[in-house]
Amino acid sequence: MSAADATILLVDDHSVVREGYRSVLQKQPGLRVVAEAADGAEAYRLFKSEAPDLVIMDLSMPGIGGIEAIRRIRQWDKGARILVFTMHQNAGFAVQAIRAGARGYVTKMSPPETLVRAVMDVLAGKIAISPDIDHELALSRISGESSAADVLTPREFEVLRLLLAEQTTEEIAETLHVSPKTVANLHSLIKDKLGVDSDIELVRLALRQGILTQVDLGEA
């Protein structure tokens with residue numbers, strides 16, 4: 001598909017951010033923002049009702065995060081074109097997003113022209129990765145430690161994200177529409193896969209791998 005008359009769904013929990021990149025995108029001939037969502041669940045509903053040509057997806061949002069939303073959208077429509085636009089300058093998040101079905105990953109530290117170029121590339125059926133993430137992916141391949149991104153499925157990674165946000169088993173079950181037993185089993189499986197015995201060790205590993213930051217801990 002070309003960019004001519006391409007429709008876009010913007011997904012970000014900050015309205016000022018959506019407003020900023022809506023302005024950038026709509027200056028490009030042939031691009032039209034047709035819907036906006038503030039969380040993953042709303043993104044999934046709007047994708048089904050609006051059928052946009054492209055979804056631009058943030059990752060960290062209340063409730064269902066971007067990776068889980070990508071997974072659900074791609075289950076609904078295998079041909080969905082999704083471009084991640086996020087603050088996470090971390091190879092682990094990029095790996096998980098692509099594994100869930102995203103066709104591109106651009107960080108919010110990138111200049112506007114990088115986002116626009118990525119939009120055009122994904123609409124054209126290409127994979128688009130911003131240069132800073134390309135560099136992080138290369139570095140991650142030469143590090144010795146097995147990362148969470150390498151061993152966890154997108155669903156497991158989403159449960160890990162919610163656990164690190166200090167959500168209870170019951171809260172996670174409600175968010176993901178699964179049973180508390182399923183969440184408990186996934187919690188145990190995540191620890192087994194990552195080789196940790198406790199939630200404290202899980203937090204330490206997440207800090208070490210950049211999945212969780214000291215800023216996140218301060219906000220918790």
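Colleague: How many helices and strands are there in the protein?
Modeller: The protein has twelve helices and six strands. Keep in mind that this is a predicted model.

Colleague: How much of the protein counts as buried?
Modeller: Of its 220 residues, 47% are buried.

Colleague: And what share of the contacts comes from residues 24 or more positions apart?
Modeller: Taking contacts with a separation of 6 or more, residues 24 or more positions apart account for 63%.

Colleague: On to the sheet. What is the strand order?
Modeller: The order is E2-E1-E3-E4-E5-E6. It is an open sheet of six strands, with parallel pairing.

Colleague: Which strands are at the edges?
Modeller: Strand E2, residues 31-37, and E6. Each of them pairs on one side only.

Colleague: What holds strands of a sheet together in general?
Modeller: Strands pair through backbone hydrogen bonds, in a parallel or antiparallel way.

Colleague: Start at the E2 end. How many bridges do E1 and E2 share?
Modeller: Six bridges, in the parallel sense. Thr7 stands opposite Arg32 in E2. To get from E1 to E2, the chain goes through H1, and this β-α-β crossover is right-handed.

Colleague: Where does H1 lie?
Modeller: Helix H1, residues 15-26, lies across E1, E2, E3 and E4. It runs at about 165° to E2.

Colleague: What about E1 and E3, how many bridges there?
Modeller: Four, again parallel. E1 covers residues 6-11 and E3 covers residues 54-57. Leu10 stands opposite Ile56 in E3.

Colleague: Now E5. Which of its residues are buried?
Modeller: Strand E5 is residues 104-107, and both of its faces are covered. Gly104 and Val106 are buried on one side. Tyr105 and Thr107 are buried on the other.

Colleague: How does E5 pair with E4?
Modeller: E4, residues 82-86, pairs with E5 in the parallel sense over four bridges. Phe85 stands opposite Val106 in E5. The chain goes from E4 through helix H4, residues 91-100, to E5, and that β-α-β crossover is right-handed.

Colleague: And how many bridges join E5 to E6?
Modeller: Two bridges, and the strands run parallel. E6 is residues 128-129. Tyr105 stands opposite Ile129 in E6.

Colleague: Is the unit of E5, H5 and E6 left-handed or right-handed?
Modeller: This β-α-β unit is left-handed. Its helix, H5, spans residues 112-123.

Colleague: Which strands does H5 lie across?
Modeller: H5 lies across E1, E2, E3, E4, E5 and E6. Its angle to E4 is about 160°.

Colleague: Let's switch to helices. What is going on with H3?
Modeller: Eight of the eleven residues of H3, residues 66-76, are buried, so this helix is largely enclosed by the rest of the structure.

Colleague: Which residues of H3 are buried?
Modeller: Gly66, Ile67, Glu68, Ala69, Ile70, Arg71, Arg72 and Ile73. Charged residues are on that list too, including Glu68 and Arg71.

Colleague: What do the buried residues of H3 pack against?
Modeller: They pack against helix H2 (40-50), E3, E4, H4, H8 and H9.

Colleague: You mentioned H8. At what angle do H8 and H10 cross?
Modeller: Roughly 100°, and their axes come within 10 Å. That makes H8 roughly perpendicular to H10. H8 is residues 154-164 and H10 is residues 180-194.

Colleague: Which residues make the contact?
Modeller: H8 brings Arg155, Glu156, Val159, Leu160 and Leu163. H10 brings Leu186, His187, Leu189, Ile190 and Lys193. By class, the contact has six nonpolar, one polar and three charged residues.

Colleague: Last topic, backbone angles. What is the phi of Glu166?
Modeller: Glu166 has a positive phi of about 65°, although it is not a glycine. It is found in the loop between H8 and H9.

Colleague: Is Glu166 buried or exposed?
Modeller: Exposed, because its relative accessible area is 57% and the cut-off is over 50%.

Colleague: And what about the phi of His177?
Modeller: The phi of His177 is also positive, near 60°, in a residue other than glycine. His177 is found in the loop between H9 and H10. At 66% relative accessibility, His177 counts as exposed.

Methods. Residues numbered from 1 in each chain as written. Predicted model: local features only at pLDDT ≥ 70, side-chain atom pairs only at ≥ 80, totals over all residues. Heavy atoms only, no water. Buried < 20%, exposed > 50% of the residue type's maximum accessible area, 1.4 Å probe, protein only. Pairing = 2+ DSSP bridges. Right-handed = clockwise from strand over helix to strand, strands pointing away. Axes fitted to C-alpha atoms, helices over the stretch in contact; angles between N-to-C directions. Parallel < 35°, antiparallel > 145°, perpendicular 65-115°, else oblique. Contact = heavy atoms within 4.5 Å.
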